[in-house]
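These are my notebook entries on one structure. I set down what I looked up, entry by entry.

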Amino acid sequence: MNQDYYKLFACCVPVRGYLRSAVCDLQRKDYWLIPNDLCDILLKDKDESVNNLIEKHKGIDVKGYFEYLFENEICFPCDQEDLELFPELDKQWHIPFEFETCIVDFAADLIKELPKIVDEISDFAIPNVQLRFYSEISQKELKQVINAFFNSKIKFIELIVPNIFCEEFIDDLVLETSKIRLIVLTSSQNRGRRDVEQATVYHTEQVVDTHNHCGIIQEEQFVCEMRTFCESTKFNSCLNCKVSIDVDGNIRNCPSMKESFGNIRNTTIDEALSHPDFKKYWSISKDTIEVCKDCEYRHMCTDCRAYLKQPGNIYSQPAKCFYNPYIAKWKGDDGYIPVEEYGLYNEEGKFVLDKLKVDSLNLELWGA
Amino acid sequence: MLLVLSQSNDLTTDKVLEWFLYYNYNNVLRINEKDFINIKEIHINNYNEVDFTLFIKNKRISLSQVNFFWYRRGHLHKKIKLANFSDNETQIQLKLFLDAEWSICRDFILNRLHDKNSLGNCFKTKVNKLENLERAKKSGLKIPNSIVSENYRMINKFLSCQACITKPISEVVNVMEFNRYIDLSTKEVRIEKKPLSNGLIFPSLLQNNIDKWIELRVFVVYDQIYAMAMFSQNNKKTKSDYRNYDNEKMNRGVPFILPEKIGNKLFQFMRESGLDTGSFDFIVTNQREYIFLEVNPAGNIEMLSESCNYYVEKKIAEIILKDTEHGQFIKEDYK
Ligand code: SF4
Ligand code: SF4
């Protein structure tokens, strides 16, 4: 056996960006950034021997590339006959629920509707709720809210709440409520992260007093794993299978979206969901979003459809993204220039890139 | 009604049942191993069809209501309470008698359930590795050369011809010693220079250590095959048994297409064994030979399903639903 052919592990999926690419490792939940010429080989020259490729691409260090790919277990060497034994990943995505996550933004008024909300959500046997509080809430009230959800069929609870609590209280809360997986304590004294049993507790100094704080795109929040990757190939990375109730009780896709589909006080979630426009955003996948479709992070990014670079153009890049995929720079990096300086949205809402300008800048930034 | 027998901590059952609910099929009763069972009546007479009625978790169910039985795991248990006898020996004897009485009823109930449309078989869960090796061979599959011996010289002779592994003939059990589990999983063995004093050891299974390229985990449900290739050779830690998980560098598990001729032999094996589902372990050698190692009739599906993105649990739900009166209601696009 010569093993002079190669195969990508099916869980390592190349994602081509404008300037560079990523290989998403959906099993080890990690990614590698690779040059585009290598990505093109992986995407197009699947069934050729490594030696052939070395011959074919004389200008590129194919040998070095493959040493790297084998070393990092992105590819494995095999024989020609083996190639057909390893199919590509079927990127299907399904959930056995009508929707998956419910966000509830709590204000004092809405707590009165607690039994109704829990009741409504329970009807759908969905797995996750995210409870967000924008103003301080007493220990007693917080416990009351959490217990109501704990006793329902919900499996996981996430909590975002201003920090007026001592550590012991939070620890006890997590211990008593096995369903809590995430707590974000806003308006904290300092930043930090700790693990308490099954949950992760974040402290942040940030003040989160309205839903307007949502939608920031950060590298730290990227998720590179099987389910989110597959979902992102066909559906929206944020709004798919999400239902929310805002501080006033309005049922929306997310609390920051303009469209309301009735109030929880007189509308059922079922009624809201069956409105023809409720799921309008669910299938806006990253491959159809301007700028994002050229970004190597598009299948691990969280996306946002509520705050947009071009309000009204539901296919425009998230407003709070400060990454420029055309030059592979984040805001704060040396040489960062916002996307907008290198292109414009045309009348059809497409982002038209000034290629010449970008390419000459890249030459300056990254060399040949 | 669909009746499921499982264990309370079995995630595969949880997931399959979620899919039932999603498809709007609520007519499901899940019995977990530890659930309390009460026989209201089993009647076998000259006039009616055989039927029985049980109370399970305070629910009444009769045989005639069941139209599909999914045996996943576990057993039907009965808590047997005995009055205290002064004589301990009497107590033990009576307990044995009652156990035997119950097991006849239990087997009768399970047999009648298996007469229905069913998946899995509770009478096939005990694995006999030696029988399975023979059966695999008869079905045309390659197997590792294996010996069982308690004779030190025989074993050394076998060892001197080839590198070997040893593993339990039955199943791995958890044995504690000094607060640590004794490791009974697959091990490589070498010739002992110094013979044991009496030259005897307990009958042990030895198999030649196969020079593997990849390992396969193959899950079969009826005529559907889901295979995963596992690459572990790069990792010294996992050379002989991939179950010694290595967290930092998780072994690669990727979708694999089992060649048709191996698949056909596998189906032959299943027919011979009376299995309609099972998880098979294979090794593919560097020479691309497929070697049958083991079958587990109720193995773990989760890792295979997740690593390969197969949604096996969804498939199982759909297959079962097709066989129940609900089948026709599943929307086309779900199939
Ligand atoms: S669409 Fe934007 S604002 Fe709405 S939940 Fe998603 S990230 Fe937040
Ligand atoms: S451009 Fe920004 S928002 Fe779009 S995929 Fe890349 S990082 Fe995410």
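**Conventions.** I worked from a predicted model, in which local features need pLDDT of at least 70, side-chain atom pairs count only at pLDDT 80 or more, and totals for chains, interfaces and linings use all residues. Residues are numbered from 1 along each chain as its sequence is written, chains are lettered from A and ligands numbered from 1 in the order in which they are written, and side-chain values use heavy atoms, with hydrogens and water left out.

**Chain A, overall.** I counted secondary structure as DSSP runs, numbered from the N terminus, with helices as H or I of at least four residues and strands as E of at least two. Chain A has 10 helices and 17 strands. I then took the box filled by the C-alpha atoms of chain A along the principal axes, and found roughly 70 × 50 × 45 Å. For burial I used relative accessible area: buried is under 20%, exposed is over 50%, and partly exposed lies in between (1.4 Å probe, protein chains only). Of the 368 residues in chain A, 53% are buried.

**Salt bridges.** I searched for salt bridges, each being a side-chain nitrogen of Lys or Arg within 4 Å of a carboxyl oxygen of Asp or Glu. Side chains of opposite charge can pair when their charged atoms come close. The search of the whole structure gives 44 salt bridges over all chains.

A:K56 belongs to helix α2 (residues 50-56) of chain A and A:D45 to the loop between α1 (36-44) and α2, so the pair ties together parts 11 residues apart in sequence. I found A:K56 partly exposed at 46% relative accessibility, whereas A:D45 is buried at 9%. I also noted that A:D45, A:E48 and A:K56 are linked in a network of salt bridges.

*A:R265 and A:E113.* Here the closest N and O atoms of the salt bridge are 3.3 Å apart. The pair links distant parts of the chain, 152 residues apart: A:R265 is in the loop between β13 (251-252) and α9 (269-273) of chain A, and A:E113 is in the loop between α4 (108-111) and α5 (114-122) of chain A. A:R265 is partly exposed at 35% relative accessibility, and A:E113 is buried at 19%.

*A:D171 and A:R194.* These side chains meet in a salt bridge of 3.0 Å, N to O. Since A:D171 lies in helix α7 (residues 167-176) and A:R194 in strand β10 (residues 192-196), both of chain A, the pair ties together parts that are 23 residues apart in sequence. I recorded A:D171 as partly exposed at 23% and A:R194 as buried at 19% relative accessibility.

**Chain B, helix crossing.** Two packed helices are described by the angle between their axes and the distance between the axes. I fitted axes as lines to C-alpha atoms, for helices over the stretch in contact, with angles from 0 to 180 degrees between N-to-C directions. The axes of helix α3 (residues 129-138) and helix α5 (residues 260-273) of chain B come within 9 Å and cross at roughly 130°. That makes α3(B) oblique to α5(B); angles under 35 degrees count as roughly parallel, over 145 as roughly antiparallel, 65 to 115 as roughly perpendicular and the rest as oblique.

**Chain B, positive phi.** Most residues other than glycine have a negative phi. I looked up two residues that depart from this. B:N179 has a positive phi of about 65° although it is not a glycine, and B:N179 sits in the loop between β10 (176-177) and β11 of chain B. B:R288 likewise has a positive phi, near 65°, and is placed in the loop between β17 (277-285) and β18 (290-296) of chain B. Are these two residues buried or exposed? B:N179 is exposed at 75% relative accessibility, while B:R288 is buried at 18%.

**Chain B, one strand residue.** I placed B:V221 in strand β14 (residues 212-221) of chain B, and found B:V221 buried at 1% relative accessibility.
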